[in-house]
Amino acid sequence: MGLISFIKDAGEKLFGGSSAVAATTPAAAAPSAEELNAKAGAAIRTYIETQKLGLTNLAVTYDGSSGKVTLTGGAPTQEASEKASLAAGNVSSVTQVDNQLTVAAAANASQYHDVVSGDTLSAIAKKYYGDANKYMKIFEANKPMLSDPNKIYPGQKLRIPAL
């Protein structure tokens, strides 16, 4: 699927930054960058797995210096692969997701929309589909990351499936 960019400071707060750890931990006991990256990668993996996307052999690596997440493993569908990218990318401190998941049932890739202040799912549906009433298609395409069609936030990236 490739590389997708995200806004660094938007998204789920799964882990603290290294500066927060360094400020509260004595220098001799401070975790290494590799340990922090591994811990963050594990947190992102756990978060993706809670989405119940049917992924197999999911491996997640995180590079804190660049904010890049790499996903490997298998996905049953293009939709599941795209949702995994969104789940990883809509985490605070993540700037890019390199999705290397192998897709069992390939399909056309979706478009993506970066939510800005004032956006609603209806307005986004109007922009992409010409019909504000098709907002539920976007909502369904972003479940379970979205739990309510009225709860989107600036900086979030949404999947916009083809009609």
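This is a predicted model: local features need pLDDT of at least 70, side-chain atom pairs count only at pLDDT 80 or more; totals for chains, interfaces and linings use all residues.
Figure 1. N142 sits in the loop that runs between helix α5 (135–141) and strand β7 (157–160). Apart from neighbours within four places in sequence, N142 is in contact with K83, L86, L158 and R159. N142 is also one of the residues that line the largest cavity.

**Figure 2. The overall order of helices and strands.** The protein has five helices and seven strands. Along the sequence they follow the pattern β-α-α-β-β-α-β-β-β-α-α-β. The protein has 163 residues, of which 38% count as buried. Of the contacts between residues at least 6 apart in sequence, 69% join residues at least 24 apart.

Figure 3. Helix α3 covers residues 78–89, and at 1.5 Å a residue its twelve residues should span 16 Å. How many of the twelve residues of α3 are buried? Eleven of them are, so α3 is largely enclosed by the rest of the structure. The buried residues of α3 include Q78, E82 and K83, along with A80, A84 and L86. The list also holds S81, S85, A87, A88 and G89.

**Figure 4. The largest nonpolar core.** The largest nonpolar core has 23 residues. Which residues have the most contacts inside this core? They are I44, I48, V69 and L71. Helix α2 (33–49), strand β2 (56–63), strand β3 (68–77) and helix α3 each supply at least two residues of the core. Helix α3 gives the most, with five residues. A second, separate core has eleven residues, among them V115, I124, A125 and F139.

**Figure 5. The contacts of V69.** V69 is among the residues with the most contacts inside the largest nonpolar core. Not counting residues up to four places away in sequence, V69 touches I44, V60, T61, Y62 and A88, and also V94, Q96, V97 and D98. I44 is likewise among the residues with the most contacts inside that core, and A88 is one of the buried residues of α3.

Figure 6. A search of the whole structure finds one cavity of 30 Å³ or more. The volume of the largest cavity is about 30 Å³. Its lining consists of L86, N90, N142, M145, L146, Q156, K157 and L158. By class, the lining has four nonpolar, three polar and one charged residues.

**Figure 7. Q156, a lining residue of the cavity.** Q156 lines the largest cavity and is placed in the loop between α5 and β7. Is Q156 buried or exposed? Q156 is buried, with a relative accessible area of 4%. Leaving aside neighbours within four places in sequence, Q156 is in contact with A10, N90, H113, D114, V115, L146 and K151. Of these contacts, N90 and L146 also belong to the cavity lining, and V115 is in the second core.

Figure 8. A141 is in helix α5 and counts as buried at 4% relative accessibility. Beyond neighbours within four places in sequence, A141 is in contact with K83, R159 and P161. K143 and P144 are joined by a cis peptide bond, with omega of about 0°. P144 lies in the loop between α5 and β7.

**Figure 9. N37 in helix α2.** N37 is part of helix α2. N37 and T61 are 24 residues apart along the chain, and their C-alpha atoms are separated by 7.4 Å. With neighbours within four places in sequence set aside, N37 is in contact with Y62, D63 and G64.

Figure 10. N57 is not a glycine, yet its phi is positive, at about 50°. N57 is found in strand β2 and is exposed, with a relative accessible area of 71%. S93 is also a residue other than glycine with a positive phi, near 85°. S93 is found in the loop between α3 and β4 (96–99).

Key:
Residues are numbered from 1 along each chain as its sequence is written. Side-chain values use heavy atoms; hydrogens and water are left out. Helices (H or I, at least four residues) and strands (E, at least two) are DSSP runs, numbered from the N terminus. The expected span of a helix is 1.5 Å times one less than its number of residues. Buried means under 20% relative accessible area, exposed over 50%, partly exposed in between (1.4 Å probe, protein chains only). A nonpolar core is a set of buried Ala, Val, Leu, Ile, Met, Phe, Trp, Tyr and Cys residues joined through side-chain atoms within 4.5 Å. Contact means heavy atoms within 4.5 Å. On a 1 Å grid over the protein atoms alone, a cavity is a set of points where a 1.4 Å probe fits but cannot get out, and a pocket is an open set with protein on both sides within 12 Å along at least five of seven lines; lining residues have an atom within 4 Å of a point. Grid points are joined across faces, edges and corners, and a volume is the space filled by probe spheres set on the points. Ala, Val, Leu, Ile, Met, Phe, Trp, Tyr, Cys and Pro count as nonpolar, Asp, Glu, Lys and Arg as charged, and the others, Gly among them, as polar.
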